[in-house]
Amino acid sequence: MNRIPTKPEILDWIANNPTLTAKRDIAKAFGIKGAARIDLKRILKELAEEGHLEKRKKTYQDPDRLPPVSVLMVSGPDDDGDLFARPMEWHGTGVEPRVLVIPRAADPALGAGDRILARLTLVKADDHHYEARLIRRIGTNPARVLGVFRKSAEGGRILPVNKGNHNEWSVASDATGGAKDGELVEAEQAGPKTRIGLQRARVVERLGNPGAPKAVSLIAIHEHNIPDTFPDAVVAEADAQKPMGLKGRTDLRDMPLITIDPWDARDHDDACYAHADDDPKNKGGHVIWVAIADVAAAVTPGSELDREAKKRGNSTYFPDRVVPMLPDRLSGDLCSLHEGVPRACIAVRMQIDAQGQKIAHDFHRGLMQSPASLNYEEVQEAIDGSPNDRTAPLLEPVLRPLYAAYAALLEARNLRQPLELDLPERQIVLSEDGVVSSVNFKDRLDAHKLIEEFMVLANVAAAETLVAKKSALLFRNHEEPAPEKLESLREVAQAAGLNLAKGQVLKTAHLNRLLSQAQDSDDAELINLSTLRSMTQAYYGPVNFGHFGLALKNYAHFTSPIRRYADLIVHRALIAAHGWGKDRLRADDAEALEKTGTHISDTERRSMAAERDTTDRYLAAYLSERVGDEMEGRIAGIAKFGIFVKLDDSGADGLVPMRAIGAEYFHFDRETNTLLGSDTGLTISIGQRATVRLAEATPVTGGITLDLLSLDGKSLPKGRGGPAGRSPRRKAVKSKRRNDKIKRKVSRTR
């Protein structure tokens with residue numbers, strides 16, 4: 001658009017995007033191209049001269065900087081009414097920085113003593129060093145409820161949306177927050193709990209129509225009973241935590257362990273570094289370090305934090321929010337590997353040969369200090385020849401060695417042949433008011449794959465160490481597909497003219513050959529989806545059954561203890577195996593690992609279901625304004641009641657009810673997973689291209705209903721209709737189906 005943004009607009013952008021502050025990032029955000037970049041450069045220079053900005057060359061080396069996301073203690077307003085705060089953690093050598101809190105209209109009222117998680121911008125001002133934008137208030141922890149507000153003469157009541165909660169809340173007339181009858185609201189407890197009568201509440205946020213986008217994830221949270229507020233005792237334990245020191249740890253602070261995450265990541269639980277191996281016996285080899293946040297040091301066995309983390313099992317991620325496993329004080333601060341601050345970690349040093357095979361590894365309990373928190377895009381751009389101010393100093397000493405080690409790991413991966421599914425991941429992009437602005441498919445950069453390979457290798461090292469030491473642990477198991485699932489996949493492949501070998505021990509290499517045959521063909525998505533559906537679900541357990549999908553014998557989750565309880569168990573097992581401290585895996589916890597594994601496997605599936613439901617609702621809301629439009633897609637599923645079509649543009653799944661398929665009756669063949677027309681003999685199967693019309697999109701339920709217009713570019717034939725039992729061709733069709741089944745059974749016995 002080439003409109004030059006105003007100075008306040010630029011400052012707001014930098015405040016909300018502290019990891020994207022290079023000139024090229026700002027230009028991209030505001031659509032500035034060509035000669036207009038000169039004007040942008042001039043404005044940025046003026047802002048720097050006025051003290052609003054500081055050019056961030058090599059800021060990763062500055063020990064006196066606060067992390068871009070920090071926990072602050074509000075100290076209260078000054079005589080002019082400005083609200084100030086101080087950092088709860090300060091490692092600098094100079095004066096503790098003073099932070100000015102910049103309130104926004106939608107922010108809750110803050111007072112002295114409130115703890116907040118905030119995004120910081122460094123400024124040059126006479127009376128403060130940083131400006132903070134609120135992310136979330138923490139430290140105070142009133143009970144909360146989500147429900148529908150019903151207005152009354154005395155104020156109103158709140159009817160919770162949680163099916164298991166039938167206790168209404170009363171709202172005084174001065175605590176309604178302007179809520180209207182029938183609106184979805186979020187409220188918090190007002191005053192002490194009462195023994196008799198309704199609990200009192202005050203409305204803290206109006207979410208409007210229960211079907212509105214802002215309500216989507218909150219409804220899913222309550223529908224799936226995902227705990228989204230922390231008990232007071234848990235918050236108190238988190239707030240009492242202090243930063244870990246060097247005592248009893250290996251000093252890794254001089255090692256350039258960088259974090260590489262999504263640009264909007266709030267926590268960083270893994271960091272990495274690599275260099276060429278100087279061992280003459282390992283010519284062409286590499287040394288890879290992976291450091292993981294030492295959550296076990298803060299969340300000790302049997303503590304309130306531990307019980308709550310185990311209860312949650314994992315963090316749950318939605319397009320507009322995260323329900324964390326741990327309170328913000330830990331997940332967003334003390335346990336997060338922010339740049340420029342010392343952080344406790346458990347690190348593994350891995351030695352690989354020139355072909356990427358791991359030949360040795362050892363674990364260390366250390367203290368690290370990351371020089372930079374980078375995002376995938378800027379790392380990839382640096383490697384591709386466009387480094388920014390943050391990545392340029394790291395390109396040769398840090399980034400290129402990482403990619404060199406990754407290239408070696410790719411050789412080992414190609415030899416191992418893990419399952420290579422090609423299923424693009426969709427990304428829902430929300431506007432500031434929670435409305436879906438676009439649905440994109442996430443790019444798969446080499447930077448993403450590099451981190452994945454490093455993490456897989458570290459997980460293998462953890463599992464192998466604990467197996468060798470005969471320690472109890474939770475494995476990440478993924479068993480091979482069931483025979484009947486494989487047979488269904490084989491039939492789909494044969495229908496597409498492809499082949500899946502039979503009569504041998506199945507390996508991922510066999511499936512990869514099938515996927516390779518389908519690559520770049522019209523059946524590629526069908527074969528990938530069918531292969532995915534043939535897989536068993538991965539789970540956690542104390543008995544090792546290997547990981548089929550990754551083609552690994554020993555595998556355990558070690559690299560994400562901030563968001564997965566299973567990883568915390570593995571950390572404790574490593575602490576016990578190395579004799580590092582009392583925060584080890586206890587004997588009674590080891591005995592209960594089977595029960596724990598079942599529980600956290602269930603919480604993982606609960607989160608997946610809530611995330612899937614939320615995505616469906618957002619997509620339905622996104623498409624609701626396009627009712628009546630024709631769209632292209634592919635048949636992704638068939639059931640007795642209709643067919644599911646995955647739409648090309650959005651990736652949404654819509655249902656074509658049986659009544660909306662042509663002008664004849666269709667019979668569902670469960671064995672072949674097809675529909676057969678009773679009059680015309682038309683066969684509808686998974687993978688066919690479909691043109692559909694959007695008939696209905698309901699955001700509240702996430703339901704999308706479609707009308708089928710054509711298959712594989714051909715209009716549907718018109719059948720004779722009428723009751724299925726009276727169809728003139730019914731007997732012929734049934735006979736054909738029976739003969740086909742007989743032929744298939746005979747061929748299977750050969």
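User: What makes Arg312 count as lying over the face of Phe230?

Analyst: The model is predicted, with local features needing pLDDT of at least 70 and side-chain atom pairs pLDDT 80 or more, while totals for chains, interfaces and linings use all residues. Residues are numbered from 1 along each chain as its sequence is written, and side-chain values use heavy atoms, without hydrogens and water. A charge sits over a ring if NZ of Lys or CZ of Arg is within 6 Å of the ring centre and within 35 degrees of the ring normal. Arg312 lies 3.7 Å from the ring centre of Phe230, over its face. Arg98 lies over the face of Phe84 too, at 3.6 Å from the ring centre.

User: Why is the pair of Phe363 and Phe558 called edge-to-face?

Analyst: Rings of Phe, Tyr and Trp (its six-membered ring) pair if their centres lie within 6.5 Å; planes under 30 degrees apart are stacked, over 60 edge-to-face, the rest tilted. Here the centres are 5.5 Å apart and the planes stand at 90 degrees, so the pair is edge-to-face. Phe363 is in strand β18 and Phe558 in the loop between β23 and α14, 195 residues apart. Strands (E, at least two residues) and helices (H or I, at least four) are DSSP runs, numbered from the N terminus.

User: What are the centre distance and plane angle for Tyr403 and Tyr406?

Analyst: The centres are 6.5 Å apart and the planes at 85 degrees, again edge-to-face. Both residues lie in helix α9, three residues apart, about one turn of the helix.

User: Why is helix α4 described as largely enclosed?

Analyst: Buried means under 20% relative accessible area, exposed over 50%, partly exposed in between (1.4 Å probe, protein chains only). Seven of the eight residues of α4 (216-223) are buried, so the rest of the structure largely encloses the helix. Among them are Leu218, Ile219 and Ile221. The buried residues pack against β6, β9, β10, β16 and α16, where contact means heavy atoms within 4.5 Å.

User: What makes β14 and β17 a pair?

Analyst: Two strands pair if DSSP finds at least two bridges between them. β14 and β17 share eight bridges, in the antiparallel sense. His286 stands opposite Ile352 in β17.

User: Why are β11 and β13 at the edges of their sheet?

Analyst: The open sheet runs β11-β18-β17-β14-β13, with mixed pairing. β11 and β13 each have a single partner strand, so one side of each is left without a neighbour in the sheet.
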